[in-house]
Amino acid sequence: MTTSEIPPRSGQFQNWLRLFAFLTPYRARFGGALLFGVVNGLTSLALMKGVPRVWDAVFGNRSSSPSLAAAIILLVPLIMLARAISGYLSAYLMSWVGTRVITDIRQKVFAHIQDLSLDFFNHSNVGDLISRINNDCQQAQSAITSVVADAIKHPFTLIVVAGALLHKDWRFSLAAVLLAPLCILPITIYGRKVRRASKLAQENQGEIVSRLHENITGVRVVKAFHMEEHEKQKFWETCFRQFGYQMKMVRSINILSPMIELVAAMGASAALYYAWQSQMRSADFWELLLGIFFLYDPIKNLSKLHTTLQKSLASTDRILAILDAKSSVVEAPAARELAPVRAEIRLEKVSFRYDSQWVLREVSLAIPHGTTVALVGPSGAGKTTLLNLLPRFYDPAEGRVLMDGTDLREVTLRSLRSQIALVTQDTILFNDTIRNNIRYGSMEASEAQVEAAARRAHAHDFILHQPFGYDTVVGEKGVKLSGGQKQRLAIARAILKNPRILLLDEATSALDTESERAVQAALDELIQGRTVVVIAHRLSTVQKADIIVVLDDGRIMEQGSHADLMAGGKLYRRLHDLQFHGDGPGGLG
Ligand code: ADP
């Protein structure tokens, strides 16, 4: 049964608030960042008020004492120092908190994914998960740090500076604030045009590249079909389109800076005219100009706030959706330790479905300890699914899986899985040293134990031939090793774990005879003295098994020894005759 999909979500404000929990441990630093942000805003006001005083002291009223003039002149560097320190601390602390918060969120999401049961992964897309952990966490960071910081710091500066401006000369300030957007309008329009043209140019650039690639790699076909002229024409069209987009960009970009200058000049003329008419003192004029200048930054940032918030809300939703996904396989609160399994594994009327379709139906099976059970049957019969129920990767929808009489749902996952080793078809190796790959799952094993396991898995010799022996890094997914070598490492890993129960999915891919023999010998070592459930693809495995279980369409059709089933002459015999030609890796799965 599948319950742990990523639940769909809509952009909700309370999700965003939930993300704030991540901020709590760092509230002191966060508070500090806000405080310094506010101090930084205050320095804008101080400059607006201070610079005109300096102006006055220098050019205006020359009667003041030299020491007072010096003190006033020193005021500006002092304010600038406070501005620099507060700006730095505010930005540093905010980045610290933000970066720390994404680190925590990433770890939390990753940890949650680690703990989710397998069915979650059936419904997830790898790329999507990666992008959530990478990009969305990054985006969400800005949701809780820069958005909050902007939402506090800039309105503060805005109110303080605008208040001072209105107090100084409300007519001038109001006119400036109302007219400013009008002046900025053409700039915004052309800015948007530039962005649009640049996006089109970028897309078209991609098309040029793919055309070139297609044409050059397909040059034989082009020539054979005598399509050279057609190709030339198509390429010309794409290139000419690029020319058009680029000219659009050039026009807008080059119009932009004269326009900004023009607007600034008109604004300055209007302000100067007003100053002349109202017989304003130059210091007052400076104060007003500086005030307008310091308003620009908060207004610009606040106008972007909405977009940033929207983007980060979407990311927040995508992160929380993962954190809200629930495992369908959960440990019972009163789960006990499963004692080492001594007697048997038993399936009682087990039925299972992934989605709506039943994959196992009323499967009952007893596996006495120490026996080897081979699962055979056509592809899609449910063999892998049955195997997956034993380490409790999934729970049956109906029926029970018991080990020594205990339902798996009553025991801890750790005590269950520590008794099981799984060797799958596609050997999973991590990009680490050979030693650590063998030790995976038994990290406390000594070097001697690792080596002993490798010897028993017939891997020791080839490992010594690697450039750095046991310390050779195997490359991503073990690319630097052959198929047979990878399998033997996986077998060494299982031998080292020394499990009571071994689940084996025999590889279907053919190995050369020598590797095949080495892998087979390694498997024989591994199997000894354990309960083994194997999805069998080789005739030799099937023949050696104590019990052969023939599955078809989720049901057990036949069960018995090789000789019994051959004599019975039903499905097993048909599969056998059809698919085993000699003893190579066959297709019983
Ligand atoms: P076998 O190992 O015998 O080839 P499986 O146990 O892999 O068979 O599959 C049995 C059936 O379950 C098949 O029809 C398969 O399509 C379906 N199935 C297997 N895995 C999944 C999954 N993760 N999600 C949905 N259906 C699945």
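Contact here means heavy atoms within 4.5 Å.

Before moving on, a word on what is on your screen. This is a predicted model, in which local features need pLDDT of at least 70 and side-chain atom pairs count only at pLDDT 80 or more, while totals for chains, interfaces and linings use all residues. Residues are numbered from 1 along each chain as its sequence is written, and side-chain values use heavy atoms, with hydrogens and water left out.

**Stop 1: around Thr 145**

Keep Thr 145 selected and colour by secondary structure. Thr 145 sits in the loop between helix 5 (126-144) and helix 6 (146-217). Helices are DSSP runs of H or I with at least four residues, strands are runs of E with at least two, and both are numbered from the N terminus. Is Thr 145 buried or exposed? With a relative accessible area of 3%, Thr 145 is buried; the cut-offs are under 20% for buried, over 50% for exposed, and partly exposed in between (1.4 Å probe, protein chains only).

**Stop 2: Val 109**

Next, pick Val 109, which belongs to helix 3 (residues 66-115). Its relative accessible area is 1%, so Val 109 is buried. Which residues does Val 109 contact, leaving aside neighbours within four places in sequence? They are Ile 133, Ile 319, Ile 322 and Leu 323. A line drawn from Val 109 to Ala 197 spans 38 Å between C-alpha atoms, for a separation of 88 residues in sequence.

**Stop 3: Asp 297**

Move to helix 9 (residues 282-324), where you will find Asp 297. Asp 297 is partly exposed, at 38% relative accessible area.

**Stop 4: two residues with positive phi**

Go to the loop between helix 7 (219-224) and helix 8 (228-277), which holds His 226. Phi of His 226 is near 55 degrees, a positive value in a residue other than glycine. His 226 is exposed, with 64% relative accessible area.

Then jump to strand 2 (residues 358-368) and select Glu 362. Glu 362 is also a residue other than glycine with a positive phi, near 45 degrees. At a relative accessible area of 52%, Glu 362 counts as exposed.

**Stop 5: the nonpolar cores**

In soluble globular proteins, nonpolar side chains tend to be buried together. A nonpolar core is a set of buried Ala, Val, Leu, Ile, Met, Phe, Trp, Tyr and Cys residues joined through side-chain atoms within 4.5 Å. Select Ile 438, Ile 463 and Leu 489: these have the most contacts inside the largest nonpolar core, which has 44 residues. Helix 15 (residues 483-497) gives this core its largest share, seven residues.

Zoom in on Ile 463. Not counting residues up to four places away in sequence, Ile 463 touches Ile 434, Ile 438, Ala 454, Gly 469, Tyr 470 and Leu 489. A second, separate core has 32 residues, including Phe 393, Val 401, Ile 420 and Ile 501.

While you are here, select Asn 436 in helix 12 (residues 434-439). Asn 436 is partly exposed, at 21% relative accessibility. From Asn 436 to Leu 302 the C-alpha atoms are separated by 52 Å, with the two residues 134 apart along the chain.

**Last stop: the whole chain**

Zoom out to finish. How many helices and strands does the chain have? It has 19 helices and ten strands. The radius of gyration is 37 Å, well over the 25 Å that the globule rule gives for 589 residues, so the chain is more spread out than a compact globule. That radius is taken over C-alpha atoms, and the rule is 2.2 Å times the number of residues to the power 0.38. Along the principal axes, the C-alpha atoms fill a box of roughly 120 × 75 × 50 Å. Of the 589 residues, 42% count as buried. Among contacts between residues at least 6 apart in sequence, 79% join residues at least 24 apart.
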